[in-house]
Amino acid sequence: MQDATAQMALLQFMQAGKTKVAVPSTAHADHLIQAKIGADKDLQEAINKSSEVFNFLSSVCNKYGIGFWKPGAGIIHQVVLENYAFPGGMMIGTDSHTVNAGGLGMVAIGVGGADAVDVMAGMAWELKMPKLIGVKLTGKLNGWTAPKDVILKVAGILTVKGGTGCIVEYFGEGAEAMSCTGKGTICNMGAEIGATTSTFGYDDSMRRYLVATGRQEVVDAADKVAEHLTGDPEVYANPEKYFDQVIEINLSELTPHLNGPFTPDLATPISEFREKAIANDWPLDIEWALIGSCTNSSYEDLSRAASIVEDA
């Protein structure tokens with residue numbers, strides 16, 4: 001849970017008559033920290049303004065056995081990927097970008113606070129059986145093309161409603177060649193197409209990431225059941241038989257994209273953007289730029305964005 005949604009969820013849980021949560025749970029103080037001046041000053045400003053909220057979350061978490069990540073401890077989606085996500089697991093979170101954990105092979109779904117309370121209290125959580133969309137990635141990313149361009153392309157194909165009620169699975173040689181944090185970025189932005197969640201099968205990039213984040217024991221456990229943490233060979237060989245919809249993208253031909261303005265499914269290759277902007281009378285000068293932390297919370301994304309700023 002993130003701090004903005006955890007408040008009501010924990011107030012509701014306190015009425016459930018439980019002494020401890022029934023499943024491992026955490027709360028993260030990050031959404032109430034606004035980026036304005038710089039990390040240190042922004043953090044202190046958030047503590048000054050929201051100390052009552054942070055103290056409430058901390059005390060309730062301590063009472064009911066819930067992990068609490070204090071202000072400044074990190075962005076929830078990246079903290080989860082680095083510490084809690086694991087292949088084959090299922091997780092729900094009170095944030096639409098909970099789906100970021102799909103980059104480590106989880107089925108991670110964003111829900112409302114009331115649904116989270118049900119789970120923390122030990123009740124069953126239900127949803128309508130989702131349809132399956134398979135995205136086959138062939139080739140390999142090259143040049144300035146990044147994992148984010150994959151989901152920008154997918155958004156252009158499916159639109160903001162095309163993933164509603166669906167789980168999206170990415171597979172193929174292109175998926176296996178992609179970094180784990182890149183996979184997380186793609187899954188994160190599955191929220192922009194309305195998908196229930198997005199995920200990847202367990203592979204070597206996930207192994208490397210788990211080792212790099214100090215979780216060798218998770219690798220050892222996952223390797224023992226690796227064949228169950230990805231699709232069967234016949235599924236990937238004949239995806240049309242098993243998925244409700246199949247999209248194929250050749251990463252070797254994919255180029256950097258910009259999506260928008262006005263809607264995240266208006267996908268345009270950067271090479272065509274100026275011409276399109278002129279035709280639609282869009283502003284041609286870039287005056288302001290914001291590097292958001294939901295999708296760009298990995299070092300891979302931040303370093304890429306920083307290099308562009310340095311070269312500007």
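**Entry 1: layout.** I'm working from a predicted model, so everything below is computed from that.

**Entry 2: how much touches.** From domain 1, 22 residues are in contact with 23 residues of domain 2. The buried area between domain 1 and domain 2 comes to about 1,600 Å², and carbon and sulfur atoms give 61% of that. Which residues of domain 1 lose the most area to domain 2? I found Pro87, Val99 and Gly103, which together make up 30% of what the domain 1 side buries.

**Entry 3: polar links.** I went looking for salt bridges between domain 1 and domain 2 and came back with zero. Polar contacts did turn up: I have eight residue pairs between domain 1 and domain 2, with both residues at pLDDT 80 or more.

**Entry 4: the domain 1 side.** I then asked which elements give two or more residues to the side of domain 1 that touches domain 2. Those are helix 3 (76-83) and strand 4 (107-110). Helix 3 gives the most, with five residues. Sorting the residues on this side of domain 1 by type, I got 11 nonpolar, 10 polar and one charged.

Definitions and conventions
Residues are numbered from 1 along each chain as its sequence is written. This is a predicted model: local features need pLDDT of at least 70, side-chain atom pairs count only at pLDDT 80 or more; totals for chains, interfaces and linings use all residues. Side-chain values use heavy atoms; hydrogens and water are left out. Contact means heavy atoms within 4.5 Å. Buried area is the accessible area (1.4 Å probe) that two parts lose on being put together, summed over both. A salt bridge is a side-chain nitrogen of Lys or Arg within 4 Å of a carboxyl oxygen of Asp or Glu. A polar contact is a pair of N or O atoms within 3.5 Å; within protein, one must be able to donate a hydrogen and the other to accept it, and residues adjacent in sequence count only if both atoms are side-chain atoms. Helices (H or I, at least four residues) and strands (E, at least two) are DSSP runs, numbered from the N terminus. Ala, Val, Leu, Ile, Met, Phe, Trp, Tyr, Cys and Pro count as nonpolar, Asp, Glu, Lys and Arg as charged, and the others, Gly among them, as polar.
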